[in-house]
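Hi,

Here is the structure I promised to pass on to you. Have a look at it first, and then read my notes below.

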Amino acid sequence: MTGLDLLIPEYLLLAGAIAALFVERLSPRASAGAFLGAAVALAATVAAVIIGSGGEVSGGMLTLDAVAVTVRVAILALTAIYLLWMAGRGMGPERSQEAVSLALFAALGGMLVAASRDLIVLFISLELATMPAYVLMGYRRADERNLEGALKYFLLSMTTSLIMLYGLSFLFGIAGSTSFAVIAAAPAAGLLGTFAAVFVFIGLFAKMSAAPFHYWAPDAYAGAPAASVAFVSTVPKLAGAAVMVSLATMLVPHASTVPTVIAIVAVVSMLLGNLAAFPQTDVRRLMAYSGVAHTGYMLLALSSATPAGYGAAVFYTIAYAIPSMAIMLIAAEEGTEIDDFAGLVARRPALAWGSVVLLLSLVGVPPMVGMLGKLVAFTAAVDAGRLALVVVAVVMSVVSAGYYFRILRPVFFGTRPDVPVLARSRSAAIAIALLVFATLALGIGASPLLGYLGINFF
Amino acid sequence: MLLSAIVFLPLAGALVSALLPKERAGAARWIAAAVTAVDLALVAWLLLGFDVAGGMQFIENREWITQAGIQYHLGVDGISLSMLLLSALLSLIAVIASWKQETKLGAYFAMLMLLEVGMNGVFLALDFVLFYVFWELVLVPMYFLIGTWGGPRREYASIKFFLYTLFGSVFMLVGIIALYLQGGTFDITALTGMGFPATFQWWVFAAFFLGFAVKVPVFPLHTWLPDAHVEAPTAASVLLAGIMLKMGTYGFIRIALPILPNAAEQWSGFIAALAVISIVYGAALAFAQTDLKKLVAYSSVSHMGFVMLGIASLTPEGINGAIAVMFSHGVVTGMLFLLVGMVYERTHTRVIEDVSGLSVQVPVAAGLLAFASFASLGLPGLSGFVGEFLSLLGAWKSAIPAAWVVVAAVGVLLAAAYTLRMVQRVVLGTPSKAVEGISDLSVREVVLLVPLVALTLGVGIYWDSLLRYVDPAVRATLALMGGS
């Protein structure tokens, strides 16, 4: 297949996103939109898997290499699971149709970001991916804290987008072209190249909530509905990882300091994220800081600037996104204070043991996917001579065990007097079960994915 | 396939047990007993087919995560066989010892069986990543066993246990990565005898040392142990002291020595010093304890010191002795924790001063406690003596300063002192108030202890029954080091 038929998954999402808005005219059930969205995302996942890699669209403006395809499939699969959950639980008091549509638009943007190999396409897709996220984060119109967080997110995201755009304009100036391939092949531009690269990466650091550009995340997450956070804190990061890989591939020849800058941001993120997560009592804030920390680990792999390291960065992001989304979905069901998780094992034993799998994966305990993500990320970093940073990283992952266990402890050893009344929902249960299963299965059966991403150290 | 069956049979049991509906949870006991018994039978079968001179055998080597060079590689030699036997036996005993457990049975027995998966796996894994998977897998069920079914300070003890050991093992992970990048493989057997540069070895050894030493535990990394033991339910204490501590020393013998021989020699003086401190300090602390369980816990620190001393000697005698202590300590401390648990169930106290005159009131329990104590202090003819004697002999013959060995030998006397004082107070004397009216051991409890008594006597009288399996493997390990 060549050309525009490679974008069948994108077309499907686009159609689904629009249809979800109007589906209530056809079906009286509130969950119809979400079911439709989940089905469309699932179909798109299958299509993306069948299409595979190797294709180019519009003369290489969009290129489906292994990283782009992996991220594309991961975004679609996670979106499908997310919408399946949404079909069961909705968005609380608010209507959920718009959220479905927004999630699909954001996923569409993310997929294009991952594949884009052109500055303009990249910037437009990036905006397409983030615009719906602003609305999702401010979904609870009546809640002032919610709006405050969303506004913070919007302003900071816009500012960093502009910084990034500024950097992109330098790149265009250097090479006289917006194509990644031409820019990569252009003669090195010295200081200008470094400025351009740093500006571009600052924009991405902020979107990935890497410290010290993370300030928006805890407030924005804590104000937003947990169900929105589950999506916004995970799926766009997959696209972010992919674009960081393609930008690093392009920019490292121009600015040899880029890996060092990434490494510095990595270590700051790991330290700040893990230490700041400790005192949090709100699961959303805690997961916001834990997201900062995990971005740090991912950047550590990226800073190796080797193909294996790039693959490891993407793999790590997937290993982070799956359990993280599931934890936020559980918070959306059970409540967003850590104490709301109290006594979960008595109320919902399967969910409680599932949360053990999820949280231990985030700590990096085998045989879950998180451990393998850390293994490949750290191996890539040590291989690139960043041993000291890896030592920081492993010590910080012990620290992370401390705060993840702060969630786990009430689940098993706490009691909650006011048990929330929660209707049974088969689709929500299946969605979370799928995420738990993926966390385990991708750890034990990671071989195909690792091979696909080219993570091979010898 | 036999080794895989031994490792993963308990996993199947754990899944079934965890999925039992609440009203049927009582069946978990029988499932756990059956599964651990069959597992022990499989180990016995392995023992029958084991060739003493055959080196690493029953090897299974399959591709697993090919892209990262990770293989599913299992194998057994004399050293792992002795530990595997201990693991399978104590797991069965732990299950039967928990027969009266009442709360959350399905989860409880699932955790015990999951623990066995990890322990068996650690002793059989020959691929670093697989080893690490099992190594960490052990933490999770132990965390829940202590945290859910433990004593009053269980939450603190369980998280302390988890974080301490995780802290150690992440450094081990760094060591594993370094070896992988230098040697090009995760295969433990392939990495032996590669002759890595000396400085590299030193640093990787340091990383592994942190991982293993926390587990052993070696002074000053031992502070998690008394907390974990005191709060853990009896069965968890038995497995913790009986097997999990041995994972650390096993790691030194299986991994650190043959892969990093030069570093092992450089580090041996330091390790010997820590070992001697552990022996004396553990004994001194044991002497000061008023709580029976804490006494046994600190005595473990002291006994594991002998293991480390034997390993640090890098001589065949010393390492044979180290493994003999590991085996004997597993059996004897298992017995001690079981008996302390049984006494506690009846008297509801573990304070030494409140428990006295057991021999009058419950002669069978008292006799067995005295027997286990004698074995623990290293009485010749019982299993404890063999290993400590060989460890000291090996240390004496090695480059370790003679004065240190003498101090370690004094540790044997200290062990006699604190153990005999405990026996004198608890077993002898007139029955105290807490002891009055309690019943002697039930048939189940005696049956539980009989195999441990038999092993204590068997290994104590006829050393060769254990060492004929261990010695060839030890010599093979030392040959890999290029030493004696």
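Chain A has 20 helices and two strands, where helices (H or I, at least four residues) and strands (E, at least two) are DSSP runs, numbered from the N terminus. Its radius of gyration is 21 Å, close to the 23 Å that the globule rule gives for 458 residues, so chain A is as compact as a globular protein of that length. (The radius is taken over C-alpha atoms, and the rule is 2.2 Å times the number of residues to the power 0.38.) Along the principal axes, the C-alpha atoms of chain A fill a box of roughly 65 × 55 × 45 Å.

Before going further, please keep in mind that this is a predicted model: local features need pLDDT of at least 70 and side-chain atom pairs count only at pLDDT 80 or more, while totals for chains, interfaces and linings use all residues. Residues are numbered from 1 along each chain as its sequence is written, and chains are lettered from A and ligands numbered from 1 in the order in which they are written.

Buried residues account for 63% of the 458 residues in chain A. Here a residue is buried if 20 or more other C-beta atoms lie within 10 Å of its own, exposed if 12 or fewer, and partly exposed in between, with C-beta atoms placed from the backbone. Of the contacts in chain A between residues at least 6 apart in sequence, 81% join residues at least 24 apart; a contact means that the C-beta atoms of two residues, placed from the backbone, lie within 7 Å.

Buried residues make up 64% of the 484 residues in chain B, and 80% of its contacts between residues at least 6 apart in sequence join residues at least 24 apart.

Now to the place where the chains meet. The contact takes 29 residues from chain A and 28 residues from chain B. On the side of chain A that touches chain B, α17 (369–383), α18 (387–413) and α20 (447–452) each supply at least two residues. α18(A) gives the most to that side, with eleven residues. The residues of this side of chain A divide into 21 nonpolar, six polar and two charged. In that count, Ala, Val, Leu, Ile, Met, Phe, Trp, Tyr, Cys and Pro are nonpolar, Asp, Glu, Lys and Arg are charged, and the others, Gly among them, are polar.

The largest nonpolar core has 410 residues, and A:Ala242 and A:Ala377 touch the most other members. (Such a core is a set of buried Ala, Val, Leu, Ile, Met, Phe, Trp, Tyr and Cys residues joined through C-beta atoms within 7 Å.) Helix α14 (residues 307–334) of chain A brings the largest share of this core, 20 residues. Leaving aside residues up to four places away in sequence, A:Ala377 touches several residues, including A:Tyr297, A:Ala312 and A:Tyr316.

Helix α14 (residues 316–347) of chain B has 32 residues and reaches 45 Å from its first C-alpha to its last, close to the 46 Å expected at 1.5 Å a residue; the expected span is 1.5 Å times one less than the number of residues. Because 29 of the 32 residues of α14(B) are buried, this helix is largely enclosed by the rest of the structure. After α14(B) comes B:His348, whose phi is positive, near 60°. In chain A, α11 (residues 235–251) is mostly covered, with 16 of its 17 residues buried.

Finally, the hairpin of chain B. Six bridges join strand β1 (residues 57–65) to β2(B), and the two run antiparallel; strands pair if DSSP finds at least two bridges between them. B:Glu63 stands opposite B:Gln71 in β2(B). Four residues lie between the strands of this hairpin, where B:Gly69 takes a positive phi near 70°. B:Val76 lies in β2 (residues 70–76) of chain B and counts as buried, with 25 C-beta neighbours inside 10 Å.

Best wishes
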